[in-house]
Amino acid sequence: MASLTPTPASPSKPTSSEDIVAQKYDRCLADLLVKSGIGFSVGVVASVILFRRRAWPIALSTGFGAGAAYADCDRSFNPARIAGVRVLQQPPQESK
Amino acid sequence: MFRALPVSRQAVSKRNGGLVRISRRRFVTETTDTTATSSVTPPKKSSYFLTKVIVYTAAATTTFYVGGAFLAFNNPSYHSFYQQNIPLAPSVLQYGEDHGWDSLTITDVIVNAYDGVSGAYSFVRKQLGYSVEEPSTKVPSKPKPTIENRENEAKTRVQRAVDRLKTDVKVEGKKAHDQGVKAAAIARHQAIQFTEGVEELVLEAEAALMGKPFKKSSPVEATTTTPDQATPVALEVSEPQPAPVGAEPAEPAPKNVYNVPLPLGHEPPPGFTRPAPPKPPKPLAPGEPLPLVAPAVEELRSSEPVLTHLAQTIDSLASFLNANPAAANKARGVLDVAKNDLSGLAHSFERLREEERSKLEQSLDEQTREYTLKLLELELQAQDKLESQETDFRSFYEEEKARFASAYREKLEQELRTQSGIINERLKEEVIAQGIELQRRWIREIKVRIEEERGGRLAKLDELAANLKRLERVALDNSTYLDENLRVHALWSALRAVHGAVDAPTRRPFRDELRVLRHAAATRDDAVAGAALDALDAGSAPDVGVEPLADLASWFATSVAPAVSRVALVPDEGAGVLAHVASHVLSAFTFRRQGLVPGDDVLSVLARAEYYLNEKDLESATRELNQLHGTAKTLLKDWLDAARRRLEVQQALEVVHAHATLSSLLVAQGH
């Protein structure tokens, strides 16, 4: 039986809350592809122009892009790792 | 080791289809070197390799630990990571803290390096036998200046210039000071010019006392005293001041005469004397034949000094003539005439004086007469004024008396008037009171009569009215009972309608049914039900409807539970992408639990919730799922909101249900 898609929790997000993690994965993947691609292209350009067609700038730049994507992904999963965010210790709340 | 970097050379081959191929070649010697070394050390290769490995490992480990320690001191997150995850790290950190590595900066490093290098340099030079100069100058003797020596050179040059400036300043200061002293000395020297005379005099006196001849010293010697000596002499100025005053009378003869006029009260400077006062004219000897005029006017000397002066001049003339006796005889006649004239002048003076005196007396008498007349006039005027004032006072007094009498009479009349007014008022009030009394008495009589009447003919009408009223009440009661019944029925119907809407198989808004229900329930005075319905009405649930239970359960089973179980192994805080991916992967390998399993972890909670949902116990399921926290809770938010909404609506409806039951029971009981 097809489950009805329930109304969203907030009007800005058309997905319900249990799909948050999946959405984050999707975004991370997209980020990875985009940033690695950008890094790859920058690496190719740099390699051709500056580094006399060697292989390592391409790999390096792609790695930069992938690393940036990984860092963004990490930050989206763990908001405590965003620069400047400090998590204050709160007393444990009682469950209902 | 001598060739640290391999030198590469480019060789460009000929163009080939637009491509420039760059090839690299190393030196032939290097390849031979490597081949040579490789040929020489095949047996030692393993041990050399091993030592190389060991050395590199040791170096890398040390660098890692030390660098990690420094990084830890500067970066707190790395510090926590370093301390917890690497063995032996805390001891390294402790060592670093003890030695103050956490307060090290780049400048400290550079300064220490510089000091070390310079110390080593100087030590080496000392050992080699070169003379080591003081650290302040450090002037290099070697012709090849290094950077440090250049610095030192500049430093010494600056130092020397500063010293020179300092000495110049000092010299200038000393000169200025000398000049100032000189100017003061010159001023003082001028003031005490005379004290040189004092010195001479003192010396003179001493010489006289000692009986030696005194050689007057030239004034040139005195002026050649140096300015340095001027100052001690200045000190002595005050001392010799009293000395010359005492020395003056001891002088044998005054040498200098001070002819310039002196200011008042001042003495001539020491060594000088006042010029002798002009000599008074000597009187003629009494044995001269020439008559003297002066004795003739002696008696007038006090009042007419002019005459005496004239007489004196004539006497002097006579004395002069005495010197030439030849002309004396001729002059005698003239002198006689002069003498007679003078005496005549004196008499005429006296006469004039007497005349003046008499005139003055006359004028004084006249004035006294005038003034006495004036006095009499004034007296009469004063007397007249006094009399007029007396009459004025008397008339004023009469007027005052009359005024007082009239005022008193007026006051009496006023008093009389007020008293009569008060009495009138009182009379009026009494009259009115009597009138009211009479009226009351009449009304009472009328009432009594009416009562009698009523008792008789109107009694029956009263009965009828009472009966009617009773009937009315009964009818009203019946109608209220019927109304209540209707209302309870309406309430029940509305409640059933809302229930139907809530329990529908699809989600349906029930705003209209809720409105009807509220309307039905509002007429009853039940605060709890009213509050519950108000809360329900205020939310958005009636507009969008609530999820049917079946939908919730299926939703949970199909999408929520798998998503949550995939996130089950993620830690509550500090969960990055790797933790999520690990949880995703590992949850695929967990055992699936079912039924009422005890436990606090996510999977057990999910299993319990699923069990409750199968039993159609939404409340327990929601309660279980609410106990989760962290990422799982975030994923469950939507489902929990929907479930909560449904539970709220259900609870409100239960309240209204209870209330409706109660009211129907009351109605049934009340009748």
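Predicted model: local features only at pLDDT ≥ 70, side-chain atom pairs only at ≥ 80, totals over all residues.
Local features need pLDDT of at least 70 and side-chain atom pairs pLDDT 80 or more, while totals for chains, interfaces and linings use all residues. Residues are numbered from 1 along each chain as its sequence is written, chains are lettered from A and ligands numbered from 1 in the order in which they are written, and side-chain values use heavy atoms, leaving out hydrogens and water.

**View 1. A:Cys28 and A:Cys73 are joined by a disulfide.** Their sulfur atoms sit 2.0 Å apart (the cut-off is within 2.5 Å), and the structure holds 1 disulfide over all chains. A:Cys28 lies in helix H1 (residues 20-49) of chain A and A:Cys73 in helix H2 (residues 56-77) of chain A, so the link ties together parts 45 residues apart in sequence. Helices here are DSSP runs (H or I, at least four residues), numbered from the N terminus. With 105° about the S-S bond, the link is right-handed. A:Cys28 is buried at 11% relative accessible area, and A:Cys73 is buried at 7%; buried means under 20%, exposed over 50%, partly exposed in between (1.4 Å probe, protein chains only).

**View 2. B:Glu350, B:Glu354, B:Glu355 and B:Glu356 make a negative surface patch.** Patch members have over 30% relative accessible area and no salt bridge, with like charges joined within 9 Å and nonpolar side chains within 5 Å; a salt bridge puts a Lys or Arg side-chain nitrogen within 4 Å of an Asp or Glu carboxyl oxygen. B:Glu354 belongs to helix H12 (residues 328-502) of chain B and is exposed, with 52% relative accessibility.

**View 3. B:Leu569, B:Val581, B:Val585, B:Leu586 and B:Phe589 form a nonpolar surface patch.** The patch covers about 480 Å². B:Val581 lies in helix H17 (residues 577-587) of chain B and is partly exposed at 37%.

Key:
Areas by Shrake-Rupley, 256 points an atom, 1.4 Å probe, with all protein chains shown as cover. Lys, Arg positive; Asp, Glu negative; His and termini not counted. Charge placed at Lys NZ, Arg CZ, Asp CG, Glu CD. Helix = DSSP H or I, 4+ residues; strand = E, 2+ residues; numbered from the N terminus.
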